[in-house]
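Please keep the sequence and the structure in view while reading.

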Amino acid sequence: LMALVPVVGAMTLITTSIVGEKQMRTLEPLLATPLTTAELLVAKTGAAFAVALASLGLGYALFLALVAAAALPGVTATLLAPRALALVGGLAPAASLVALTLGAIVSTRASDARTAQQAGVVVVVPIVAGFVAQLNGQLTLSTGGLVAATLILLALAAGLGAVAVRWFDRERILTRWT
């Protein structure tokens, strides 16, 4: 469930950032700057990613503190094992990057933030499915499996980032929203 925190947060921030600025007409002056499209999208996604990581870190730290105070001995150590850290420090942020790039892509074409946020389901559904499969005992990811999944998600995020830069058509956004 900790993997959902940065994904949902990231989708909300990036879609609101791009679509909200289009609706409030504050994106137009930004598009007129000499920033490249890649620089603009890196700044927007980077800000949302930083907030998503901060919420994940704060949530995990609070969770660890509560577990340390209330759980049996050894539970906290399990939550600090390499497998748990690979999930929270690798897979969750990588899934967040995929959600951010999908959000950026959809936001360039969407007319409202809610429509753009629905693209997050593409990332959320596999995470929830994996969680349910683990609860049922149908799936057990090792630390290596989590690292491999993280690397796959990072490669996917990079590919989607290239698509986002290509699809972010400044002229279309400016002429459609003026």
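## Threonine 150 and its contacts

The model is predicted. Beyond its neighbours up to four places away in sequence, threonine 150 touches Ala86, Gly90, Leu91 and Ala94. Threonine 150 itself belongs to helix α8, which covers residues 143-167.

Threonine 150 and glycine 90 are 60 residues apart along the chain, yet their C-alpha atoms are separated by 5.7 Å. The relative accessible area of threonine 150 is 10%; because this value is under 20%, the residue is classed as buried.

## Helix α5

Helix α5 comprises residues 82-109, 28 residues in total. From its first C-alpha to its last, α5 reaches 40 Å, close to the 40 Å expected at 1.5 Å a residue.

Within α5, a kink of about 25 degrees lies at leucine 91, shortly before proline 93. Leucine 91 is also among the residues that threonine 150 touches.

## Helix α1

Helix α1 is formed by residues 4-24 and has 21 residues. Its reach from first to last C-alpha is 29 Å, which is close to the expected 30 Å at 1.5 Å a residue.

A kink of about 25 degrees is present in α1 and is centred on threonine 16. After the helix comes arginine 25, with a positive phi near 60 degrees.

Is lysine 44 buried or exposed? Lysine 44 has a relative accessible area of 10%, and it is therefore buried, the cut-off being under 20%. This lysine is located in helix α3, residues 37-70.

Apart from neighbours within four places in sequence, lysine 44 is in contact with Ile14, Ser17, Ile18, Glu21, Leu27 and Leu30.

## A nonpolar surface patch

Which residues form a nonpolar patch on the surface? The patch is made up of Leu1, Val128, Phe131, Val132 and Leu135, and these residues have about 460 Å² of accessible area together.

Leucine 135, one of the patch residues, lies in helix α7, which spans residues 121-135. With a relative accessibility of 62%, leucine 135 counts as exposed, because the value is over 50%.

Methods: Residues numbered from 1 in each chain as written. Predicted model: local features only at pLDDT ≥ 70, side-chain atom pairs only at ≥ 80, totals over all residues. Heavy atoms only, no water. Helix = DSSP H or I, 4+ residues; strand = E, 2+ residues; numbered from the N terminus. Buried < 20%, exposed > 50% of the residue type's maximum accessible area, 1.4 Å probe, protein only. Contact = heavy atoms within 4.5 Å. Patch = residues over 30% accessible without salt bridge, like charges linked within 9 Å, V, L, I, M, F, W, Y side chains within 5 Å. Areas by Shrake-Rupley, 256 points an atom, 1.4 Å probe, with all protein chains shown as cover. Salt bridge = Lys/Arg side-chain N within 4 Å of Asp/Glu carboxyl O. Expected span 1.5 Å × (residues − 1). Bend = angle between axes of the 7 residues up to and from the residue.
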